[in-house]
Amino acid sequence: MKIVIRKSPRSLALLLSAVALVIATAVLAIDFSVRFTTASEQAKRLRTAEEAARNDPAATEAFNLEVTQQTAQSLARTRRQRAAGIALLTAAGICVALVKWRKPKKPPLPTTVINTVARQVSNNGSASSAEQPPHVEFAPPPIDLAPIEPIVTRIGREQRHLIPLLHAIDHEYHYLPPSALSQLADLTGIPRPQIAEVATFYSRFRTRPRGKHLVQVCRGTACHVYGADLILEETRRLLNIPPGSDTDLEGNATLEVVGCLGCCTLAPVVRVDDRVVGHTEVQALPSVVDWSGPASVREDGDQMLSATASQGASNGRAEENNKFVSYEIRVGLGSCCVAGGSRDVLESLQRELKAQRLNATIKQVGCVGICHLTPLVEVVRPNAEPIVATKATPADVRRIVRSLPPNVPWRKRWRSSVTNLWQPAPSADMAITPCDIIPTSDLRVRRFIDPQIRIVTEHSGVMDPTSLEEYRARDGFVALNRVLQEHEPASILDAVERSGLRGRGGAGFPTATKWRRLQQAIGEKFLVCNGDEGDPGAFMDRMIMESYAYRVLEGMAIAAYALGVARAYIYVRHEYPLAVRRLRNAIERMTSENLLGDHILGHDFSLHVEIVEGGGAFVCGEETALLQSIMGHRGTPQLRPPYPVESGLWGRPTLVNNAETLANVPWIVRNGPERFAAYGTATSKGTKVFSLAGKVRRGGLIEVPMGMTIRQVVEEIGGNVADGKRFKAVQIGGPSGGCIPASLAETPIDYESLRQVGAIMGSGGLIVLDDDDCMVDIARYFLEFTQRESCGHCTFCRVGTRKLLDVLERLCAGHGKRGDLKEIEALCHSTTMGSLCGLGKTAPNPVLTTLRYFRDEYEAHLAGRCPAGRCKALIRYDVTRDCTGCTICAQKCPVGAIAATPYRQHWIDPAICTRCDVCRTSCPEDAIRVV
């Protein structure tokens, strides 16, 4: 048998180069060897011939001949060595290039397509598939109960300490082990049933172990309209979490649903351990939940910056640098900003300023409000208009810094120029980056900011939220000093009454009326700041507590002085860790400066403030339920009367105001009640802070005067919805609010006008909806939320919301029946009339308003159609003839419902398709439609 060996051109070239390399090396080696062995003999012959020529002239000819021969040999050897050396280097270079060269491989098949093929083979029975393991919980690690006693000693043993104790135990073990709860009962004396009922009431606590990683999917309103349900479904599939469980069998990850993470402008949002990921896409989830990379836990941004250290002054002589102007570079480090990447931008700025040797100070600031342009970097330049870099990323930092004029001595500039020779300059590709460097007078900034009035958000984007000195420099504590010096608590109540300030957390009860009732009470009194803010789609109070913690505390101190209160509490959602940290820092600083504590500023007035973290219960936004939670009980609403101002915490008179209400008080005292009352309407005075999110171009946190219309907010400030879409409605007031159609967009935003159209102000969440949103689905979403968050204390709320939800789920599934709409109206009326607290009484509002203004959509669902193409059971995806067969949809599909058939029209398997909408949004030819 004849064997044929075929070599590729690369192999032959490598072989020839190797042969040339060997020959050249051999030639050089032989030449050096011959030269080494004959050098002494040639030198001896030359000396002998030279000596003979000196003694005998007849020998001169022999000497010249010897010189000529040796010179010829030397020149020939040199030419030979040069040629061999060139051949050696050339052959060596060719060999190295051929060895390192790799034939370009065919791009691997996308993982989604591979999974599709494997899944189809398994479904067809061509390959054996392993049986699903039985549903069992993974075994938790052994529990060491030694930390329990130190925790109890540090926090306390009273009933009011129960929720902080549970938080500490949960932090220690990542869940509440039953054995730990038993020991807690023994150490505190709190009965085991009471501990159990509190631990099982709040969603934050769980008695089953968590996995190594915690993945939380936000289901706030903004996240819902951007597809949070699809994110949740795909995350569950990726983590291999079996049905009926929230943790995979190996205990690697636990999946939880959160009512709202307060980052609505980044919707949809996922939190992985301590890292928040915004604008999450279904196709990007594998990288989001990838544990193989570095740990995602990072230090808080407040600890990253020392006290305004100048980068320029760190090099060279300080007195020399003082001759040059310094830039102040401001970076927002609120929760939304950090989730959007501002912390990474700040770190890159620190490195780049050091490399460029610029005289600049990096300053962290609070929420800038312009959330749609974050991460936002503002550069304040002396004698020049400030500039901002919008949607900045670490890749944009070098371009931002190099765009600034040099402001350091020429020697440092020269060294920076030399250093830059080894650093790539900003490339022309930067033109396509979404980051723009623009002056603050640019319309993209002014259109969002100019219509606003700053009272609560005064000095937005300017102050360091952790600096007491900066707050003082901008009229901080001027109001508190004034009221303490005047010694007239009654004048404070008069000013609040003349201002027309109403509660900013719900129905808008007059603030002065509530304060006067507490002032008339006798005995020990308490003050509570409600920072629970459980409305999905709202993040105003979070921003206020994060960015203006000193302002909230100053407002609390003024209210406490006017009402004779010596002890106050701030109740904060556990989902707001940054707000908790900054409030605690502010309390510590104010106490050290005698602005809190005993005998404040030398006056006969003392106030002690304590922070209580909630356990994850929306119903605790209701003031009586909140007070129960502070006392360490289940957050169950109580019958009123008596009202909290008559009998609240531990039966004592208690004032409950939300964070925004209290943050208005210092401004009113400093500027006068008449100036505050000049804004707004006759019955709704002042301004209101809103979180503007949803299907709007320019989302963020805004503060506008009361009475501005919905259209002005959505179109003038928000920039309306995207091109090709239609502004459909606004959802305002959270689960207790309603959906107002675009036809009523001229409605003023004040308490009375909103109530007339079936909504309420609520805490101020404002979600814009377009024609892609199904109003029946929106109503179902809110009913699902309120039904889940109901404390279950009263039958009408517990049962009524459940029955309403059943009807709406039936409609969204295409199983509606005649009479459903009348049943919905009857259930809404019964739930409103019979519920005990505000949660149950207002839970039907989203249903009633959508049924009132969008009845045609309900009737379409009765006929088995979803006009918006949102309800998955009523739609399917179809590929049109515009398909070019590019296979992008097959590559993006997370479940492999599309077979990859290049250059042919694709087809979607309806049995596998999960209606995640990834194929339609990723198709470059718009060849996929919803039918």
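Here is a short chat about a sheet and a helix pair in this predicted model.

Residues are numbered from 1 along each chain as its sequence is written. Local features need pLDDT of at least 70, side-chain atom pairs count only at pLDDT 80 or more, totals for chains, interfaces and linings use all residues, and side-chain values use heavy atoms, with hydrogens and water left out.

Visitor: In E8, what is the bridge partner of Val-379?
Guide: Strands E7 (residues 377-380) and E8 (residues 387-390) run antiparallel and share three bridges. Within E8, Val-379 has as its bridge partner Ile-387.

Visitor: Are H19 and H20 roughly parallel or antiparallel to each other?
Guide: Helix H19 (residues 489-499) packs on helix H20 (residues 511-519) at about 155°, axes 8 Å apart. Axes are lines fitted to C-alpha atoms, for helices over the stretch in contact (heavy atoms within 4.5 Å), and angles run from 0 to 180 degrees between N-to-C directions. Under 35 degrees counts as roughly parallel, over 145 as roughly antiparallel, 65 to 115 as roughly perpendicular and the rest as oblique. So H19 and H20 are roughly antiparallel.

Definitions and conventions
Pairing = 2+ DSSP bridges. Helix = DSSP H or I, 4+ residues; strand = E, 2+ residues; numbered from the N terminus.
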